[in-house]
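Student: I would like to go through the terms used for this model and check each against its cut-off.

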Amino acid sequence: FCPSEGRQQNSDEKGCLFKMNKLITFVIIFLVQVSAAFSQDIFDIWDMDAIRDSTTMDVETLWVADTTVENPLSLELINLSVGEIRYNSFGGRAGTIRIQGFFAYPTGESGLPGFLIGHGFGMEGDLDMAEGFAASLHSFVLSISAPGVAGSEGSRTIEDVVSAYPNPQDCWFYQYAYAVMRGLNYLEMSPQVDNGWLCVLGMSAGGVATSLADGIDDRIRFSVPVVSPADFICSVRDSAWMIHYLEAAGIDTTDSEFVYMQRYLAPIQYAPYFHGFVLSICGAQDEFTPLDCMARVYDCMDSSSNRMEIVPNFDHVTYFAGFSDHCGEYDSFDNTVGAFSRLYGTTASVLLMLREGGRVPPMPTVGAEMTTGGIEFNADVPLYFWATDDVTLWLSLDSAWTFTDYEMNRLGSFPYRYHATVSLDPSYDLSNIIYFVEVMGAPYLWLSSCPYVPDGLHPRVRPIPGEYLLVRYGLGISPSFERVDVYPNPFNSSV
């Protein structure tokens, strides 16, 4: 599932998938269908000379101001300079389009990291987002609106998302990533920015654009894809939500539009070539990238420059207060504060470590074995976290529908080994549980292990709310979008 010319693991390296289902049959069938699309290299569709040509930016500053905001992490007040701009980018058949951006940076400072922030499909760039990240990351931040969104020209419809055939440049994901890299030009042109520290962070669809840019643009030092669809093949099986977007566009996985999307614009194709250090932040119950899909992508990256934080009890809609109509549905609750604490905190911590030349701690590892009356879990925690007692096992007995936390304790004289024994009904064993370990260290750094998902046990995905599509994107509700109040678990029928 990684590009054949991509990263290969060392013989002694255990990736996330060493005990997980690789969907081999599905991938083989898909590759038979798409073999004709593999004749062109993925890099051929990107004109980096045009993308990086700052003379064609035509930047217009609409307004500037000074303000004071609260750092979301420390709660201290930060003075920021803010404003709004437009710049030129590429809109496929539409040609040149203008992109909206909001900037914010600590007033009077220079030598700052430059951060380009991208939003999700149903959102837009805004000043609040720029201010929040500028304060927490102590950076010059540019929050852009994707093509066809808010004050940006272009088009963003469901059809635009899948319009990758015959020319991938007509796809909205391509144009979004193009706008991200054009935004990096603006950061380079800003005297407050240290051009050696250009970074990108994107949520959901913005995470797709973030990963595409990182695979193409060698200026990027640090990238943070957040709850981002990464492997479109994986995101259409078992009711993962991208299948609904295909249905809304009137296509399926055998159509050329999807074939070209996967080949040219799925982040997993670019994963072996990422230029920046990657911090992947994903939700344990995410509906676009379930845990086994996230692990597939992780195994295509260089583990020395990649870290993962799995936010327990978080997804695209039902655990997020931003979607108040659906937050709390399907055995969920509002975990916005927990998720954004990890987003702001871990991003800021990793950036600081990278900037100061330090080594970002490796991810913890965890294993399990059956014991009489339960399962024993043992985790190895990196040296950086030696002083912490905040090591948590997150365990799901219902195929990642819900997770329960268990405190892990130091094991005897081993300062970096933690363990927990969980008593379970005999019907549970290593074939039908999902788990990972999360560790928190000072000041705001969270890291998780790779998730354990056994062969044949695909995470259970919450149904997409029909109202979510109707309100956000103006789509009619087909039968597959009708509300489902009782959603059976096909894997653990007792739950």
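The dialogue below takes the terms one at a time.

Tutor: Keep in mind that this is a predicted model. The protein has twelve helices and 17 strands, and 60% of its 495 residues count as buried.

Student: Why is Ser-399 called buried?

Tutor: The cut-off for buried is under 20% relative accessible area. Ser-399 has a relative accessible area of 0%, so Ser-399 is buried. Its place is in the loop between strand 12 (391–396) and strand 13 (404–407).

Student: What makes the backbone of Ser-399 worth a remark?

Tutor: Most residues other than glycine have a negative phi. Phi of Ser-399 is near 60 degrees, a positive value, and the residue is not a glycine.

Student: How do you know that Asn-313 is buried rather than exposed?

Tutor: Its relative accessibility is 7%, and buried means under 20%. Asn-313 therefore counts as buried. Asn-313 also has a positive phi, about 60 degrees, although it is not a glycine. This residue lies in the loop between strand 9 (306–311) and helix 11 (336–355).

Student: What makes the bond between Tyr-165 and Pro-166 a cis peptide bond?

Tutor: Omega there is about 5 degrees, and the bond is cis. Most peptide bonds are trans. Pro-166 is found in the loop between helix 4 (158–162) and helix 5 (172–189).

Student: Why is the pair Ser-396 and Asp-398 called a polar contact?

Tutor: The distance has to be within 3.5 Å. The side chains of Ser-396 and Asp-398 are joined at 2.9 Å, which meets that limit. A polar atom of the Ser-396 side chain also lies 2.7 Å from the backbone nitrogen of Ala-400.

Student: What else surrounds Ser-396, and is the residue buried or exposed?

Tutor: Ser-396 lies in strand 12 and is buried, at a relative accessible area of 0%. Beyond its neighbours within four places in sequence, Ser-396 is in contact with Trp-401, Thr-402, Phe-403, Ile-433 and Ile-434.

Student: How do you know that strand 12 and strand 16 pair?

Tutor: Pairing needs at least two bridges. Strand 12 and strand 16 (residues 434–441) have six, in the antiparallel sense. Within this pairing, Trp-394 stands opposite Phe-436 in strand 16.

Student: Why is strand 9 described as largely enclosed?

Tutor: Six of its six residues are buried, so strand 9 is largely enclosed by the rest of the structure. In a regular strand the side chains alternate between the two faces of the sheet. Asn-306, Met-308 and Ile-310 point one way from strand 9, while Arg-307, Glu-309 and Val-311 point the other way, and all are buried.

Student: What makes helix 8 mostly covered?

Tutor: Helix 8 (residues 256–265) has eight buried residues out of ten. Among them are Phe-258, Tyr-260, Met-261 and Leu-265.

Student: How do you know that Met-129 is buried?

Tutor: Met-129 has 11% relative accessibility, so it falls below the 20% limit and counts as buried. Met-129 is found in helix 3 (residues 127–137). Apart from its neighbours within four places in sequence, its contacts are Ile-117, Glu-124, Ser-143 and Met-203.

Technical notes
Residues numbered from 1 in each chain as written. Predicted model: local features only at pLDDT ≥ 70, side-chain atom pairs only at ≥ 80, totals over all residues. Heavy atoms only, no water. Helix = DSSP H or I, 4+ residues; strand = E, 2+ residues; numbered from the N terminus. Buried < 20%, exposed > 50% of the residue type's maximum accessible area, 1.4 Å probe, protein only. Polar contact = N/O pair within 3.5 Å; in protein donor to acceptor, adjacent residues only side chain to side chain. Contact = heavy atoms within 4.5 Å.
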